[in-house]
Amino acid sequence: MSDHIAELRARQARAREMGGEEGLKRHRESGRLPVRERIEMLVDPDSWFEIGALALPEMRGERHVPGDAAVTGFGLLDGRRVGVIGIDSSVLAGTTAPVGMRKQGRLIEHAQQKGFPIVLLCDADGGRIPDVMGWRFSTLPLDFQTFLKRTDGGPDVPRAAAVLGPSYGDSALHASTADFVVMAEFASLALVGPSVIEPATGEKLTDQELGGPERATAVGNAHMVVATEAEAFDAIAAFLSFLPPNSARPAPVAPPADPMTDPTELESIVPLGAKSGYDMRSVIAAIADGGSIMGWADNWGPSLLTCFARLEGNPVGIVANQPIIRAGALDADALRKELAFVRLCDRFNLPLVFLHDVPGLMVGTEAEKAGTLKAYEELALGISTAKVPKLGCVLRKAYGGGHFAMGGRPTHPDFLFAWPSAELGFMAPDTGIRTVHRRQLEATLAKEGRAAHEALLQELQSEWTAISEPWEAAANLAFDDIIEPGRTREVLIQALAVAWGEGERVRP
Amino acid sequence: MIGSILVANRGEIAVRIIRTCRLLGIRAAAVHSDFDEGALWTRLADESLRIGPAPVAQSYLDIAAIIDAARTAGVEAVHPGYGLLSENAEFARAVEEAGLVFVGPRPETIALMGDKTAARAAAIESQVPVLPGSDGVVADFSEAMHVAERIGWPVAVKASFGGGGRGIRRAGDESELEEALASAGREATAAFGRGEVFLERYVDRPRHVEVQVLADHHGNVVHLGDRDCSVQRRHQKLLEEAPAPALGDEMRDALAKAAIDLSHKVEYRGAGTVEFLVDPQREEFFFLEMNTRLQVEHGVSELVTGIDLVEQQIRVASGEPLAFRQGDIDLRGSAIQARIAAEDPWDQFRPSSGRLSDLRLPSAPWVRCDFGFERGDAVAPHYDSMFGKVLAYGLTRAAALARLGQALEELRVVGVPTTAPYLRSVLREPDFAAARHHTGSLERDWQPDPEHRPTSQADTGSDGEAPQVRQVSLPWGAQSVAVTIPLERSSTARRLSKMTGGTRERDVALAVEKDGDSTVRAPMDAVVVSLRAATGAEVAKGDTVLLLEAMKMEMEICAPVAGTVQSLAVDAGQSVQSGTVLFAMEPANATS
């Protein structure tokens, strides 16, 4: 037996060599950490439980490929159990081959069946050649019924991905399945890498030009960019701390904390006059618990803010217009981002809080080309069918489709509130008057001249303004209450408790 | 000029020296213990050599290992930094015997100044005023009593081979003198291997003022102005500034002259500091000691003179004459430094070890940060708890203070408690702002206000209750925001050990505990210095049963109740981990 044990030990040690001295040296010189150090940094000490370490490639050459270039196992992250897939790019650039795929598939199945989150450490240059060539490609042990998400009707689990190097092919696909993708500044993320693109289309690109953080975040492929790998792991830990281990469990409650900004300052943070901009982040800071705000996809459709936060310790997803970017008008990107965020929150029992200050949807040829119409329809449906509590508050303006895209009445919010400064309607006053009263205005200008035209415009504007005020809306129950800005946090906390009802805080 | 240097130190000073080496195009070799492998200074240097396991005695204090490293690296010179071997004449000699240049004064000068009695004699010969005292080692209690009666109470008992504030005790009367003699001697023996002590007059409400000197091999000596380091705790400096405020021109000139005279007298070479005790009431000053090395606070002098002291040290060691004379040195403005140590001012400055799970340095006009560590690094129990310094400059003292205050506010450290928030409050003390403070102000008058204890400390400290949350910093748009991560209860202890790092496997969930007031445990990782009672001894409540030392500090472990000491489980010299049972007490009422 002692011989067998000695052999086992030798094999286990060899299975952990990663790319060997040479491979690890090159890997480190590129500024990246070896996969096993990444895992050590990520999970709590003494919690790592590995499977498949002794895996080896189907096609073997001279080169030792420990674990078939992937490390899979389970660990605790701040005490929460997670399944981890780490690609080992210190050997054969972390390329994937059948055994490694099966290994990853098994990890995913375990985590999904047992109901805990999956963390993906992406850093791989696509499929391995020749292991995936020819007929082998058609028999690859990829199972999209599990690989992409749980499809057997059981509870869903959160996925978080850290993109820590050039990630193409199935590493990119992995990231694409994740609910949160954080990427290191030096990493890149795209369907395929520059080495495939150049022969295919002739386009010459660097990794950064193709899928660097700026590109990857602008289209929502990645949701956050950090400088170091350590920060990426912090971001994943923070993300998972807002979510339950699976969709059948309530989201975890944290110790409550006072907001960073005194809520009474909301009166002065938001300027009156629909044309002055302000940073919606400062509003959120006066509503959410201090130290509880985590941005999600800041660079994707940035006229809309999406973030996780807590209200008296209870996690929520906040959707808010960002007036300092294109006045907060919603374009196709912003609408798609919002839909992705709404679905994410809805899957994992995070109530939605909408903060409206929206002039409307983007219109025009560019907007149509970008698919605004379809994006709007899908979002409206997504919000309407979301089963978590939905709360809304109009801070300043909420016009037309923009208002509905922010969870207006037709989308079935549990409660809607407005500040006394709210302006409501199907269109903003100036363009609205020109649209609705176009003939009357033209006729007046033609018959009675400029002065009469101006007077009519004034009159129509003051009428429009009066009916845009929130009072009639409240009188007709479009709003559940009109509230003082300083009470927003407290009202939302109370509304949330009522909206959840008495059961466990899990969506029906 | 010297072309290659081994930096025989660690932490911020190693980083500081390596930076100047790089500026001058000098090849720099660093050293590291096993614990420090991969640390910032080892990466900034051109190479780094392992010198032994984590404990300093087997690494940074191991002369042979360092000389070996210097030989392996093939360097021309060795820079000792401060602390560790920097004032060890034997080390300087060993460096020279190995055919290398020691960046510092001659070994004889180090030996002379290291012996406080000899240093005092040298000062007297240079007509530099000294405190009335024993003029030499006191052999025993009766001689000490005799001297004390002559120079007048209270007296200061000091270890001849002490330094860095260790081995100094105040005695107000006969009864205190006996304990002071024993404890100063013991601490010095433990720290420096020599236990001789001497006596001096104890000045009430003194200020600590020192003069930076620079001397070459050609007989040139200049001073770079003075510094005030009166904000101290247990003789350890916490805030240091240049120039010393509220000092008359006459006094300032006299201090500078005294420093230069003494430097000439001992044929000093390189950068040195002559420390004085200033009695502001009587407008007198007394020579304290001369530090034959770079000081922790050298940066404030650099800021007001524009002179890179490390560069000058290297040039002098290379044999170059000083490129400037006294008249060329222009002192401008005011600079102040705060030492950032992993200590909890709200818990008697208890040193703490742990991982710096976040570290963000303030970046602002006129602010300088000297740090030896980065985010993710551990502050280890084996080493000094100071892990960095924040300095600020201003044309006026008030501007420098304001800038330092803001910088300290912006400094972000998660993972260990630090001195920063407390020092920020000291900057706002009216007596400090008006420069009316003295070396006892901090301990006597500036107790940390419990109201202002930073809340994050509870989240990050390594003692006491396990934290329920930890904090990370994440981008949100253009800003960076703190995000609190609640920990799952089941593994808070695990997470805690992850954050506290250190020896990594250390079980830090064990804290100060007294089981039903009868079992006494070690409050932190420490070494047992001595036992004061044996098993079976009867003691009163509060009697010292044993002495622990950790992170440069002695700690008396007292009987929690009156009674009999039971099962004393440790011996002098033994290392104990936080939570180790030291002894149990059988209460007196139970025995009767």
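In which loop of chain B is the place of Leu84(B)? Select Leu84(B): this residue sits in the loop between β4 and α4 of chain B. Helices (H or I, at least four residues) and strands (E, at least two) are DSSP runs, numbered from the N terminus.

Before going on, note that this is a predicted model, in which local features need pLDDT of at least 70 and side-chain atom pairs count only at pLDDT 80 or more, while totals for chains, interfaces and linings use all residues. Residues are numbered from 1 along each chain as its sequence is written, and chains are lettered from A and ligands numbered from 1 in the order in which they are written.

**Stop 1: Leu84(B)**

Phi of Leu84(B) is near 45°, a positive value in a residue that is not glycine. Most residues other than glycine have a negative phi, and most peptide bonds are trans. Leu84(B) counts as buried, with 22 C-beta neighbours inside 10 Å. A residue is buried if 20 or more other C-beta atoms lie within 10 Å of its own, exposed if 12 or fewer, and partly exposed in between, with C-beta atoms placed from the backbone.

**Stop 2: the parallel sheet of chain B**

Now select the strands β1 to β5 of chain B. Five strands make an open sheet here, in the order β3-β2-β1-β4-β5, and the pairing is parallel. Two strands pair if DSSP finds at least two bridges between them. At the edges are β3 (47-52) and β5 (101-102) of chain B, each of which pairs on one side only. Strand β2 (residues 27-33) of chain B is joined to β3(B) by five bridges in the parallel sense, and Ala29(B) stands opposite Glu47(B) in β3(B).

Two residues are in contact if their C-beta atoms, placed from the backbone, lie within 7 Å. Axes are lines fitted to C-alpha atoms, for helices over the stretch in contact, and angles run from 0 to 180 degrees between N-to-C directions.

**Stop 3: two helices side by side**

Select residues 89-97 and 107-114 of chain B, which are helices α4 and α5. These helices pack at an angle of about 175°, with their axes 8 Å apart. α4(B) and α5(B) are therefore roughly antiparallel to each other (angles under 35 degrees count as roughly parallel, over 145 as roughly antiparallel, 65 to 115 as roughly perpendicular and the rest as oblique). On the α4(B) side, show Ala89(B), Ala92(B), Arg93(B) and Glu96(B); they meet Pro107(B), Ile110(B), Ala111(B) and Gly114(B) in α5(B). By class, this contact has five nonpolar, one polar and two charged residues. Ala, Val, Leu, Ile, Met, Phe, Trp, Tyr, Cys and Pro count as nonpolar, Asp, Glu, Lys and Arg as charged, and the others, Gly among them, as polar.

**Stop 4: strand β12 of chain B**

Is strand β12 (residues 270-279) of chain B largely enclosed or largely in the open? Eight of its ten residues are buried, so β12(B) is largely enclosed by the rest of the structure. Strand β9 (residues 207-215) of chain B pairs with β12(B) in the antiparallel sense over nine bridges; there, Leu214(B) stands opposite Ala271(B). Strand β13 (residues 284-291) of chain B also runs antiparallel to β12(B), with seven bridges joining the two. Val278(B) stands opposite Phe285(B) in β13(B). The hairpin of β12(B) and β13(B) has four residues between the strands, and Glu283(B) takes a positive phi near 50° in this hairpin.

**Stop 5: two cis peptide bonds**

Zoom to Trp153(B) and Pro154(B), joined by a cis peptide bond with omega about -10°. Pro154(B) lies in the loop between α7 (141-151) and β6 (155-163) of chain B. Then move to Ala242(B) and Pro243(B), where the bond is also cis, with omega about -5°. Pro243(B) is in the loop between β11 (236-242) and α9 (249-265) of chain B.

**Stop 6: chain A and the contact**

Switch to Leu477(A), where phi is near 65°. Leu477(A) is exposed, with 9 other C-beta atoms within 10 Å.

Finally, show both chains: the contact takes 27 residues from chain B and 27 residues from chain A. On chain B, β23 (469-476), β24 (479-486) and α17 (492-500) each supply at least two residues of the side that touches chain A.
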